[in-house]
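Please look over the chains below before reading on.

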Amino acid sequence: MSRSCKAYIAGVFEHPTRKAVDKTIAQLHAEVAIGALKDAGLTKDDVDGYFCDGATPGLGGMSMAEYMGLDITYTDSTETGGSSYLVHVGHAMTAIAAGKCKVALITLAGRPRSEGVKSLAAKDYGDDLPERGFEIPYAPVITNMYGMAAKRHMHEFGTTSEQLAWIKVAASHHAQYNENAVLRDVVTVDDVVNSPMISDPLHRLDCCVISDGGGALVVVSPEIAKTLGDRCVKLLGQGEGIKHLNSGRIDLTYTGAVKSGPVAFAEAGLTPADMDYVSIYDSFTITVLETLEDLGFCAKGEGGKFVADGNLISGTGKLPFNTDGGGLCNNHPGNRGGMTKVIEAVRQLRGEAHAKVQVPDCTLALAHGTGGSIAQRTGAATVIMGRNDA
Amino acid sequence: MTNPERVYADPSINMETEAYWEATKQNKLLLKKCDDCGETHWYPRAICPHCSSSNTCWYEGSGKGKIYSFSVMRRVEVPYVMAYVTLDEGVSLLTNIVECDFDNLSIDQDVEVVFRATQGDQALPLFRPVA
């Protein structure tokens with residue numbers, strides 16, 4: 001069948017660098033933009049919409065539009081942390097459907113590794129942050145906050161460290177084929193649970209890598225997609241949302257995916273069972289486990305059993321995920337992993353993933369982004385895509 | 001059983017929260033509830049997040065609760081316990097657990113508030129296991 005859609009992804013590019021000591025952030029933005037436009041068969045002069053996150057240098061997209069020489073009539077700099085780029089995809093779909101732009105460029109760049117960021121420390125947003133006085137003196141960092149989410153999930157549902165470890169094991173099986181991946185060694189469940197404890201119950205190998213780099217996407221109207229050939233990927237549905245601490249009525253066992261998933265599936269007219277491949281945000285193993293439950297790939301609390309025994313490994317498992325090695329092994333540019341989630345899903349739908357991890361006849365795929373901290377305030381965005389003939 | 005504690009950073013204090021931080025210096029943990037809808041919320045705000053009323057008021061909480069979740073942060077100079085504690089009043093707050101054995105903490109454990117001076121002589125509420 002051929003599904004109708006409002007917009008297509010025509011170009012993607014993941015920067016090959018993982019440590020960019022000799023490049024500025026602006027330069028990285030421009031390099032990924034050029035790469036994605038070349039991949040689409042377009043140039044910067046075709047771009048009329050520009051999207052970037054709040055960490056991009058300058059006020060919104062203004063400085064980067066100037067740096068790259070873009071002539072822009074539509075812009076959006078929505079900031080939801082690592083999920084921003086999947087939010088941008090949805091906003092680009094809406095803008096294109098409304099006739100506000102035809103070629104939307106989305107870029108991400110960051111260099112935390114070169115800047116000496118040693119941990120995923122929470123960024124300090126200053127005294128205007130209303131919750132600041134009630135959190136910062138207690139020294140929350142990303143690892144101990146996600147650790148608390150994992151511990152509560154274990155308490156309520158019996159999830160084990162070994163089950164969480166299977167998520168890293170699957171990512172490592174995929175990363176061995178990615179020559180750009182930070183971690184290419186295949187690891188075992190024992191390797192993960194015997195790696196140093198960072199903030200219990202999360203071990204070092206439950207955490208993602210820290211890397212420099214970035215990526216870009218080019219989203220185009222159906223009319224332009226027709227001129228660019230069958231490497232264009234259909235955008236079938238998108239949803240987003242924010243989850244927070246709910247005035248003190250907290251529940252750390254779920255993520256914002258409970259909001260974004262149903263909206264995206266409804267727009268696409270599809271269900272989790274229809275997905276041939278998924279890219280799931282993987283800042284930590286627990287992020288993947290809770291997200292798979294929240295998106296409906298298994299019941300709440302069943303995530304541990306679902307991910308165990310290699311079920312996420314391409315070729316042997318029932319739900320191949322993060323076939324580039326994900327943030328856990330490959331790349332987490334700028335501490336923001338949403339961009340690379342979309343890029344690998346597009347590779348799968350084009351049949352351009354590495355032959356060892358390519359899902360046969362991959363027709364429908366999902367990418368999900370998580371931003372901020374799932375144990376505090378978190379953004380979520382889900383994008384459902386289809387092959388050109390889907 | 002009792003571990004060394006780090007020097008605590010000062011809280012940021014503003015017009016909405018100065019009464020709270022004045023009270024912590026008197027070893028009191030204040031909460032905010034709404035006189036219109038009756039709900040307690042956390043963290044304390046001028047405007048009720050449940051019903052949007054400006055009719056919010058301070059009251060002294062019990063200072064007692066249970067551990068909702070925790071994570072021991074060991075790979076730092078002075079290890080500490082990050083935790084969410086659910087107070088008897090029904091709201092959960094971010095805190096540290098002190099005066100405890102890191103290896104013998106558990107979810108649902110009973111805890112009570114204690115206060116520590118910060119580096120700038122403010123007072124920070126933390127929690128310890130009930131003996």
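Two strands pair if DSSP finds at least two bridges between them. Helices (H or I, at least four residues) and strands (E, at least two) are DSSP runs, numbered from the N terminus. This is a predicted model, in which local features need pLDDT of at least 70 and side-chain atom pairs count only at pLDDT 80 or more, while totals for chains, interfaces and linings use all residues. Residues are numbered from 1 along each chain as its sequence is written, and chains are lettered from A and ligands numbered from 1 in the order in which they are written.

**Strand 5 of chain B and its neighbours**

- Strand 4 (residues 64-73) of chain B pairs with strand 5 (residues 80-87) of chain B in the antiparallel sense, over eight bridges. Ser71(B) has Met82(B) in strand 5 of chain B as its bridge partner.
- A residue is buried if 20 or more other C-beta atoms lie within 10 Å of its own, exposed if 12 or fewer, and partly exposed in between, with C-beta atoms placed from the backbone. Eight of the eight residues of strand 5 of chain B are buried, so this strand is largely enclosed by the rest of the structure.
- Tyr80(B), Met82(B), Tyr84(B) and Thr86(B) point one way from strand 5 of chain B, while Val81(B), Ala83(B), Val85(B) and Leu87(B) point the other way; all are buried.

**The sheet of chain A**

- In chain A, nine strands form an open sheet of mixed pairing, in the order 3-2-4-7-1-8-11-10-9. Strand 3 (74-76) and strand 9 (277-280) of chain A are the edge strands, each pairing on one side only.
- From one strand to the next the twist averages 20°.
- Four bridges pair strand 2 (residues 49-52) of chain A with strand 4 (residues 103-110) of chain A in the parallel sense. Opposite Gly49(A) stands Ala104(A) in strand 4 of chain A.

**Two helices of chain A**

- Axes are lines fitted to C-alpha atoms, for helices over the stretch in contact, and angles run from 0 to 180 degrees between N-to-C directions.
- Helix 4 (142-157) of chain A packs with helix 9 (residues 285-294) of chain A at an angle of about 50°, and their axes are 9 Å apart. That makes helix 4 of chain A oblique to helix 9 of chain A (under 35 degrees counts as roughly parallel, over 145 as roughly antiparallel, 65 to 115 as roughly perpendicular and the rest as oblique).
- Tyr146(A), Ala149(A), Ala150(A) and His153(A) in helix 4 of chain A meet Ile286(A), Thr287(A) and Glu290(A) in helix 9 of chain A.

**Contact between chain A and chain B**

- Two residues are in contact if their C-beta atoms, placed from the backbone, lie within 7 Å. On that basis, 25 residues of chain A are in contact with 32 residues of chain B.
- Helix 4 of chain A gives the most to the side of chain A that touches chain B, with six residues.
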